[in-house]
Amino acid sequence: MRAYVALVWAVARKDLLVEFRTYERLTAMGAFTVLVGVLFNFSIDSAVVRPQDIGAALIWMTIIFGGILGMGRTFRLEEEDGALAGILQSPIPLDALFLGKVLGNFVLLSMMAALVFFVFGLFFSLSFSGNPVVLVAIVGFGVLGFVSLTTLFSAMATRSSMGESLLPVLVFPLLVPLVVYGATATQRLFAGRPVVEVSGNVRMLAAFAVLFTVAGAWLFRFVIEE
Amino acid sequence: MSHKQTRWAIGILGTLGVATMIVLHWMVFFWVPTESTMGIVQRIFYIHPAAWWVAFLGFGIVGLCSAVYLWLGDERLDRAAVAGAEAGMVFTTIGLITGPLWGQVAWGTWWEWEPRLTLALILWFIYLGYFLVRRTTANPEQGKRFAAVVGVIGVLDIPLIHVSVTWLRSLHPEAVILNPESPMNLERSMGLTFGVGFLAFTLIFACLFLASYTVAGYEYELKLRDANPGGTQRAEA
Amino acid sequence: MARKWFSRWTTAFLLGVLLFQASPVWAQAGTVLGRQTLGRAYWHVFAAYAVMWILVLGWVVSIVRRLRRVEERLGKE
């Protein structure tokens with residue numbers, strides 16, 4: 001068990017180290033966050049719509065769009081350098097490889113999500129009076145579910161002639177429960193509603209995240225094999 | 001099933017299907033009375049839920065066959081899944097078009113985010129992803145596996161999507177006076193027509209599913225023959 | 001080939017959408033729930049059944065075409 005966790009961490013650590021040397025994905029996702037915030041600001045006529053009313057929705061959509069942008073490159077490095085063959089020959093269990101990738105992506109996307117909340121809170125003067133722990137749980141489970149699905153499908157997209165443009169087509173329909181429960185819960189928390197109104201959402205998000213992390217880990221072997 | 005038996009089955013199912021469709025059309029346009037609350041547009045309802053039923057049947061086949069295909073690797077399961085996906089795509093499209101056609105008159109808008117229509121739209125795109133992944137993957141064997149994974153994930157997610165969309169809808173009980181769930185004044189003749197509609201669609205689905213599956217079998221046989229020009233490989237029917 | 005297939009399906013879907021959009025009663029404003037202009041309702045019912053036939057027959061045609069292609073090539077050998 002400990003060896004397994006160590007393997008998962010090894011994969012994640014490698015990806016994170018590479019990322020923190022080049023900052024490629026983080027730069028893209030970070031710039032995306034701020035720029036989208038800017039564009040949203042110009043696209044919303046604050047005389048007609050209060051940005052505070054739709055702040056949570058904008059946040060979630062930005063996380064999703066930025067996430068797709070960043071996650072598409074999950075396996076790019078392995079494909080380009082032919083490292084995949086090497087990894088497949090090593091005795092690492094494929095589900096551990098998947099979970100390691102998911103963990104790495106989770107860290108990166110969580111960082112982006114935090115940035116989104118900060119930037120959008122700043123740009124749209126969003127005030128938060130709810131329970132921060134619950135918010136972290138909501139975003140955490142949401143990001144995990146998103147990352148699991150996207151990691152699985154990005155392995156497919158890398159082999160497709162459509163490349164990364166296939167990813168949104170595959171992933172977006174499946175994200176509906178995530179958006180429904182996540183955005184609604186976030187909106188309620190921002191509106192200062194009691195935690196009780198949100199607990200069901202947290203459970204559903206957790207169920208979604210667990211289901212697709214496990215399913216992804218099991219199905220990954222069919223996706224990664226030659 | 002031998003080739004001859006399959007062709008017989010397709011022929012019989014097809015004939016029965018077309019016959020039932022003709023009967024259905026006669027019933028819908030000449031026999032069944034107009035429903036009192038919805039009026040003439042309610043006649044779309046004799047094909048609309050039947051289309052949904054077949055779409056979900058197709059999708060169920062995709063999910064089941066995809067899962068077992070990944071497990072066993074039998075080509076026939078993949079072919080069955082594709083045939084099911086084709087059926088699902090066709091009938092989901094029918095549902096997505098007949099729904100708003102009914103809805104424009106009944107609700108006053110072309111589109112409503114009501115759970116079934118929403119689910120159908122999402123389902124359509126999951127099917128689209130299934131086919132895209134198959135066609136755009138360089139290695140066709142890999143493409144089949146990828147598509148199967150899409151099928152399995154899709155089937156896992158659909159119940160969640162349905163629950164979430166229904167829950168969201170329940171938060172905003174808009175005054176949809178004529179919603180598909182509300183009880184219509186169903187006379188016995190209407191119930192019968194509904195039944196005939198379901199039967200007709202199921203028969204047509206079965207016939208075309210089998211036909212598509214069989215043709216896929218021939219195509220596979222051809223591919224094997226191309227790969228082994230001198231060999232004596234025969235694909236199983 | 002993927003693009004041809006994809007564009008075919010998209011075209012089919014769009015044609016379906018255009019079909020009912022091109023309905024001559026499109027110009028009318030939204031109706032009161034439940035009240036129906038006789039003409040529009042008939043149009044919609046007709047369009048619904050027409051679309052169903054077009055799509056089902058379209059599938060039949062595609063299967064037949066595939067069969068023809070396969071039989072041609074199997075026949076050659």
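The following paragraphs lead through a predicted model, chain by chain and contact by contact.

Chain B has 237 residues, of which 49% count as buried. When contacts in chain B between residues at least 6 apart in sequence are considered, 78% join residues at least 24 apart. Of the 77 residues in chain C, 17% are buried.

Within chain B, helix 2 covers residues 48-72. This helix of 25 residues reaches 36 Å from its first C-alpha to its last, close to the 36 Å expected at 1.5 Å a residue. Helix 2 of chain B is followed by Gly73(B), which has a positive phi near 75°.

As for Leu123(B), its contacts beyond four places in sequence are with Ala55(B), Phe59(B), Thr92(B) and Ile158(B).

Chains A and B also meet directly, in a contact that takes 21 residues from chain A and 25 residues from chain B. On the side of chain A that touches chain B, at least two residues each are supplied by helix 8 (166-171), helix 9 (176-190) and helix 10 (196-224) of chain A. The largest share of that side, six residues, comes from helix 10 of chain A. By class, the side of chain A that touches chain B comprises 17 nonpolar, three polar and one charged residues.

Helix 10 of chain A also takes part in a packing contact inside its own chain. A pair of packed helices is described by the angle between their axes and by the distance between the axes. For helix 6 (residues 94-123) and helix 10 of chain A, the angle is about 120° and the axes are 8 Å apart. The crossing of helix 6 of chain A and helix 10 of chain A is right-handed. On the side of helix 6 of chain A, the contact is made by Leu94(A), Asp95(A), Phe98(A), Leu99(A) and Val102(A). Helix 10 of chain A contributes Thr213(A), Gly216(A), Ala217(A), Trp218(A), Phe220(A), Arg221(A) and Ile224(A). Together the residues of this contact of helix 6 with helix 10 of chain A divide into eight nonpolar, two polar and two charged.

At 1.5 Å a residue, its 30 residues should span 44 Å; the end C-alpha atoms are 42 Å apart, which agrees. Just after helix 6 of chain A, Ser125(A) takes a positive phi of about 50°. Most residues other than glycine have a negative phi. Ser125(A) lies in the loop between helix 6 and helix 7 (132-158) of chain A, and it counts as exposed because 10 C-beta neighbours lie inside 10 Å. Tyr23(A) likewise is not a glycine and has a positive phi, of about 55°. Its place is in the loop between helix 1 (2-22) and helix 2 (24-43) of chain A. Tyr23(A) counts as exposed, with 10 C-beta neighbours inside 10 Å.

Val134(A) is found in helix 7 of chain A, and its 18 C-beta neighbours inside 10 Å make it partly exposed; a buried residue would have 20 or more. Setting aside residues up to four places away in sequence, Val134(A) touches Leu189(A), Val195(A), Val198(A) and Val202(A). Val134(A) and Met29(A) are 105 residues apart in sequence, and their C-alpha atoms are 24 Å apart in space.

Ile87(A) lies in helix 5 (residues 83-89) of chain A. With 13 other C-beta atoms within 10 Å, Ile87(A) is partly exposed. Not counting residues up to four places away in sequence, Ile87(A) touches Glu78(A), Ile92(A) and Leu97(A). The C-alpha atoms of Ile87(A) and Val143(A), which are 56 residues apart along the chain, are separated by 26 Å.

How values were computed:
Residues are numbered from 1 along each chain as its sequence is written. Chains are lettered from A and ligands numbered from 1 in the order in which they are written. This is a predicted model: local features need pLDDT of at least 70, side-chain atom pairs count only at pLDDT 80 or more; totals for chains, interfaces and linings use all residues. Two residues are in contact if their C-beta atoms, placed from the backbone, lie within 7 Å. Helices (H or I, at least four residues) and strands (E, at least two) are DSSP runs, numbered from the N terminus. Ala, Val, Leu, Ile, Met, Phe, Trp, Tyr, Cys and Pro count as nonpolar, Asp, Glu, Lys and Arg as charged, and the others, Gly among them, as polar. A residue is buried if 20 or more other C-beta atoms lie within 10 Å of its own, exposed if 12 or fewer, and partly exposed in between; C-beta atoms are placed from the backbone. Axes are lines fitted to C-alpha atoms, for helices over the stretch in contact, and angles run from 0 to 180 degrees between N-to-C directions. A crossing is left-handed if the near helix is turned anticlockwise from the far one by less than a right angle, and right-handed if clockwise. The expected span of a helix is 1.5 Å times one less than its number of residues.
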